[in-house]
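Please keep the sequence and the structure in view while reading.

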Amino acid sequence: MNNSEWQDIQAIHMSIQSVDLHSIGIKMDRELRISCGLINIARGQCNLRIYHIGRVIIQDNCYIGSNCTIDRGSFSDTYIGENVYLDNQVHIAHNVTIGSNSVLAGQCGVAGSVNIGSYVKMGGQVGIVGHVNIGNHVEIAAKSGVRNSIEDNQRVMGDPAINMFTHLKKTLI
């Protein structure tokens, strides 16, 4: 753990002694908690041998559950804001931005270049296609498939994800 930014990290419950995270473009701030299990921080090489030069930036007071995957940015950074909670088995693809105080429940998958606002709540097994924007204070029900951008202060569900009340009217009538 020499020459990397591990000062003030309070609770890391696993050993990653064999990886020099700083040399592969990963910056972690204070009070990061990583659960037991495995966290994969992918180096990001594809079949065309395009090397990813972005970083993974994880801000203060984040929780990353067991077996999460956070891909290194390809040309820009993958960014996890302050106080973000990633439950177990969450996949965050390259160049994703997650705003502060957001919660992603187990087995969510976020494709590349998605911007997720602050105070977003995602239920388990939500899937989000690439290159969309999720506004602030958005709630996405479990097992929803997000195919389009979502504006601020929306509650959505279903596949494709639509307004929660509209979805309930369609399915209950």
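## Basis of the description

The model is a predicted one, in which local features need pLDDT of at least 70 and side-chain atom pairs count only at pLDDT 80 or more, while totals for chains, interfaces and linings use all residues. Residues are numbered from 1 along each chain as its sequence is written, and side-chain values use heavy atoms, with hydrogens and water left out.

## Overall architecture

Of the 173 residues, 46% count as buried. The accessible surface comes to about 9200 Å², and carbon and sulfur atoms account for 49% of that area; accessible areas come from the Shrake-Rupley method with a 1.4 Å probe, and for residues only the protein chains shown count as cover.

A contact is defined by heavy atoms within 4.5 Å. Among contacts between residues at least 6 apart in sequence, 13% join residues at least 24 apart.

## An open parallel sheet

Five strands form an open sheet with parallel pairing, in the order β6-β9-β12-β15-β18. Strands β6 and β18 (145–146) stand at the edges with a single partner strand each, so one side of each is left without a neighbour in the sheet. Two strands are taken to pair if DSSP finds at least two bridges between them.

Strand β15 (residues 127–128) pairs with β18 in the parallel sense over two bridges. Within this region, Ile-128 stands opposite Val-146 in β18.

## The nonpolar core

A nonpolar core is a set of buried Ala, Val, Leu, Ile, Met, Phe, Trp, Tyr and Cys residues joined through side-chain atoms within 4.5 Å. The largest such core has 31 residues, of which Leu-86, Ile-92, Met-122, Ile-128 and Ile-134 touch the most other members.

Leaving aside neighbours within four places in sequence, Met-122 is in contact with residues including Val-103, Leu-104, Cys-108, Ile-116, Ile-128 and Ile-140.

## Salt bridges

A salt bridge is counted where a side-chain nitrogen of Lys or Arg lies within 4 Å of a carboxyl oxygen of Asp or Glu. By this rule there are four salt bridges. One of them joins the side chains of Arg-55 and Asp-77, at 2.9 Å from N to O. Arg-55 lies in the loop between β3 (33–34) and β4 (56–58) and Asp-77 in the loop between β6 (69–70) and β7 (78–80), so the pair ties together parts that are 22 residues apart in sequence. Arg-55 is partly exposed, with a relative accessible area of 35%, and Asp-77 is also partly exposed, at 26%.

Lys-121, Glu-139 and Arg-155 are linked in a network of salt bridges. The closest N and O atoms of Lys-121 and Glu-139 are 4.0 Å apart. Glu-139 lies in strand β17 (residues 139–140) and Lys-121 in strand β14 (residues 121–122), so this pair ties together parts that are 18 residues apart in sequence. Arg-155 meets Glu-139 at 3.2 Å, N to O; Arg-155 is in strand β19 (residues 155–157), and the two residues are 16 apart.

Helix α1 spans residues 164–172 and contains Phe-165. Together with Leu-168 and Leu-172, Phe-165 forms a nonpolar surface patch with about 320 Å² of accessible area. Patches are made of residues with over 30% relative accessible area and no salt bridge, like charges being joined within 9 Å and nonpolar side chains (Val, Leu, Ile, Met, Phe, Trp, Tyr) within 5 Å.

His-167 is also found in helix α1 but counts as buried, at 19% relative accessibility. Beyond its neighbours within four places in sequence, His-167 is in contact with Met-157, Gly-158 and Ile-162.

## The loop between β18 and β19

Asn-153 is placed in the loop between β18 and β19 and is exposed, with a relative accessible area of 54%. Apart from neighbours within four places in sequence, Asn-153 is in contact with Asn-136, His-137 and Val-138. Asn-153 and Tyr-119 are 34 residues apart in sequence and 9.7 Å apart in space, C-alpha to C-alpha.

Note on methods:
Helix = DSSP H or I, 4+ residues; strand = E, 2+ residues; numbered from the N terminus. Buried < 20%, exposed > 50% of the residue type's maximum accessible area, 1.4 Å probe, protein only.
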